[in-house]
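Hi everyone, thanks for coming. Let me put the structure up, and then we can walk through two parts of it together.

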Amino acid sequence: MAAMATRKLIRDAFCKALVSRPFQGARHFSSAPETIHKIPHTSKKGRLLTGATIGLVIAGGAYVSTVDEATFCGWLFSATKLVNPFFALLDPEVAHRLGVLAAARGWVPREKRLDPQSLGLQVWGRNFSNPIGLAAGFDKHAEAVDGLLGLGFGFVEVGSVTPVPQDGNPKPRVFRLRDEGAVINRYGFNSEGIVVVAKRLGAQHGKRKLDETSSTSPSSSDDVKQGGKAGPGILGVNLGKNKNSEDAAADYVQGVHTLSQYADYLVINVSSPNTPGLRVLQGRKQLKDLVRKVQEARDEMQWGEEGPPPLLVKIAPDLSKEDLEDIAAVALALRLDGLIITNTTVSRPEPADKNPLAAEAGGLSGKPLFNLSTNILKEMYILTRGKIPLVGCGGISSGEDAYKKIRAGASLVQLYTAFAYGGPALIPQIKSELAECLERDGFKSVQEAVGADCT
C-alpha cells in the first residue's frame, strides 16, 4: 500500500509539472515570427523546486517500498502517541466520544502483524489470538466493534446495554485522576437500548457473512479459525438493567433474546456501583435466581453447531469473603461459564485517596484498583478450584500487569482506563511485554501460566 501511494504521488507530481509548462513544440507551427522570450528567474527556481521535489519523492518511494508491512504498521501505532496530548486537553466524556468516533470511522490503525504464538489460547471453544481484551464501558452502543478489533485486541466487549434507552446520570460524570492513572465515572448505564444495538450488530454480522461468501481465498481445513461472530476477534455483549426497572431478571432475559445471536459470549452485569440496587443481585439467593432464569432463556433458543454463547457474571471488587464464597458456590452449582473480576470500586485505594477528586461519587478504575482486583481474582480462582474460566479486569497498564493477572488465575484479561490514557500504541506494547514475561519464566503458552501463583 505504501508503494502504491508513492507511485500515485510521483505520477501526480509529473502531471502538475507538465501542466504548469506550455507545450514547447507548438511554436514551430505558428506563422507568426518566432520570438524568443527570456525565462523569468522565478520560473527557473520553480522548475528547480519541482525537480527537487520529484527527486525526493522518488527517493522516498524507493525507501518506503523496501519497508516491510510489519515495520510500517509499527510506525502507525507509534504515531498515535502524538494525538494523546490533544485528547488530554478535552473534557473526559468528550474525549471518550471522540475516541469511539475515531474507531467507528476507521481513523485508527489496523494491526497487520501476527500475534506471538505463545499468546494464542482457546476458551469456551473459541480461539483467541491473544488474551488482551477491551472491557465494557468504552464502546457502550456497539458503534466501533470492527475498528476496535482491528487494533489488535483479542476480544472486545460492548455495553452495558439496557432494554430501553436511557440517558444515565447527569453530567459531569467522568473525572480524570491523571497522576494516579485512574478515572472515576458515574455514567449510570447510559444506553441507546437493545433495539439500536441489535441493528448495528446485525448489520455488521451480515456484512461479515457477505465478505466470507465472496472471498476467493481458499482456506485449509487444517487452519485454526481465529475470531468469532464479529470478525477477526471475539465479541462479548454486556447486559444491564434499566434504572427504574422493577424486574431485573426480565431485563436481562430481554437482552439475551435480542442480542445473544450476535455475541460470542454474554455478560450479566450486576456490579456497577452507579445503578441503585444493582449490587444487591450479587447476593447468593438473588444471583442464583437471576442466573437460572437467564440460562433458561438462552437455552430455550435454537442454536447451531456452535451452541449457545457462554454466560458470564461480572462482579464487584467491594465484596467480603462470605460474598465471594456465595458467588463461587452459585457459579459451580449452576455451571456458570465464567466470571469477570472485577468492576470498578466505590473505595479509593492509595494513592487515589489523596486526590481532591476522590470525593466524587462513582466507580474508580485504573492503576489504584490493580491490587484489590487481583486479590479478589486469586481468591475466586481458589474458591472455584480453577474449574471456571476467569477474566481479570482492573488496573492493567502493562504486559507485566496482565501477566500477574494470569498467574492469579485469569485466562483472559481486559483493559479500559490504561487504553483511555495510552491509546492504540499501548495494545502491541502490552502483547509484546506479555510474551516476554511468559518466555522469561519458561511458559510456552498463556494457558500454562494460568493460576501459577495459586498453588
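This is a predicted model: local features need pLDDT of at least 70, side-chain atom pairs count only at pLDDT 80 or more; totals for chains, interfaces and linings use all residues.

Which residues of E8 lie on one side, and which on the other? Tyr265, Val267 and Asn269 are on one side, Leu266 and Ile268 on the other, and all are buried, meaning under 20% relative accessible area with a 1.4 Å probe and protein chains only. In a regular strand, side chains alternate between the sheet's two faces. E8 covers residues 265-269; strands here are DSSP runs of at least two residues, and helices, H or I, of at least four, numbered from the N terminus.

Residues are numbered from 1 along each chain as its sequence is written, and side-chain values use heavy atoms, leaving out hydrogens and water.

Now the neighbours of E8. Strand E7 (residues 234-239) runs parallel to E8, joined by 4 bridges; strands pair if DSSP finds at least two bridges between them. Leu239 has Ile268 as its bridge partner in E8. Strand E9 (residues 311-315) is also parallel to E8, again with 4 bridges, and there Leu266 stands opposite Leu311. From E8 the chain passes through helix H9 (residues 284-299) to E9, in a right-handed β-α-β crossover: with the strands pointing away from the viewer, the path from the first strand over the helix to the second runs clockwise.

Finally, Val83, in the loop between helix H3 (69-79) and helix H4 (84-88). Val83 counts as partly exposed because its relative accessibility is 37%, and partly exposed runs between the buried limit and the exposed one, over 50%.
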